[in-house]
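Please look over the sequence and the model shown here, and then read the report that follows alongside them.

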Amino acid sequence: MVDLSQYFPILLFLAIAAVLSAAFVFLPMGVSRLTGAHNPQAEKLTEYECGFPAFEDPRSQFDVKFYLVAISFLLFDLEAAFLFPWAVSLDLTGWAGWIGMMIFLAILAIGLAYEWKKGALDWQ
């Protein structure tokens, strides 16, 4: 016979997680409905992230500048994320770690200069 009372903490944990998840999702929506003015307008409902209407012909041409800037942002954001652990462990890695990071930063600087020269950062 299996003792099901051993599973009670897991079920309790799952129940609390489900209640908290639902509260974090639905409570802000309910509070905003009660306290704010729910007034959807055409301008509020337009697309704002990609720069072109989302529901058009899928074969239509569009400008890829947004994607180039987004990829560049991700690249340099990850580069900044790599700098923090490197700075913390610099005393352990010594000169080899410092030289390796300088090579990494030089490659990124060359890439940024190339992007800048090609005009990928010019927003028109």
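## Surface and overall make-up

The accessible surface of the protein chain comes to about 11,200 Å², and carbon and sulfur atoms hold 72% of that area; accessible areas come from the Shrake-Rupley method with a 1.4 Å probe, and for residues only the protein chains shown count as cover. This is a predicted model, in which local features need pLDDT of at least 70 and side-chain atom pairs count only at pLDDT 80 or more, while totals for chains, interfaces and linings use all residues. Residues are numbered from 1 along each chain as its sequence is written, and side-chain values use heavy atoms, with hydrogens and water left out.

The protein chain has three helices and zero strands, where helices (H or I, at least four residues) and strands (E, at least two) are DSSP runs numbered from the N terminus. Of the 124 residues in the protein chain, 7% are buried, a term for under 20% relative accessible area, with exposed meaning over 50% and partly exposed in between (1.4 Å probe, protein chains only).

## A nonpolar patch

On the surface, V2, L4, Y7, I10, L11, F13 and L14 form a nonpolar patch with about 790 Å² of accessible area together. Such patches are made of residues with over 30% relative accessible area and no salt bridge, and nonpolar side chains (Val, Leu, Ile, Met, Phe, Trp, Tyr) are joined within 5 Å, like charges within 9 Å; a salt bridge is a side-chain nitrogen of Lys or Arg within 4 Å of a carboxyl oxygen of Asp or Glu.

## Helices α2 and α3

Helix α2 has 24 residues and reaches 36 Å from its first C-alpha to its last, close to the 34 Å expected at 1.5 Å a residue, the expected span being 1.5 Å times one less than the number of residues. Helix α3 (residues 90-118), with 29 residues, has end C-alpha atoms only 35 Å apart, short of the 42 Å that a straight helix would reach. There is a kink of about 70° in α3, centred on A96, where the bend is the angle between axes fitted to the seven residues ending there and the seven starting there.

In α3, G97, M101, L108 and E115 are buried, and the buried residues of α3 pack against α2 (65-88). E115, with a relative accessible area of 17%, touches L68, S72, F76, A120 and L121, not counting residues up to four places away in sequence; contact means heavy atoms within 4.5 Å. In α2, S72, E79 and W86 are buried.
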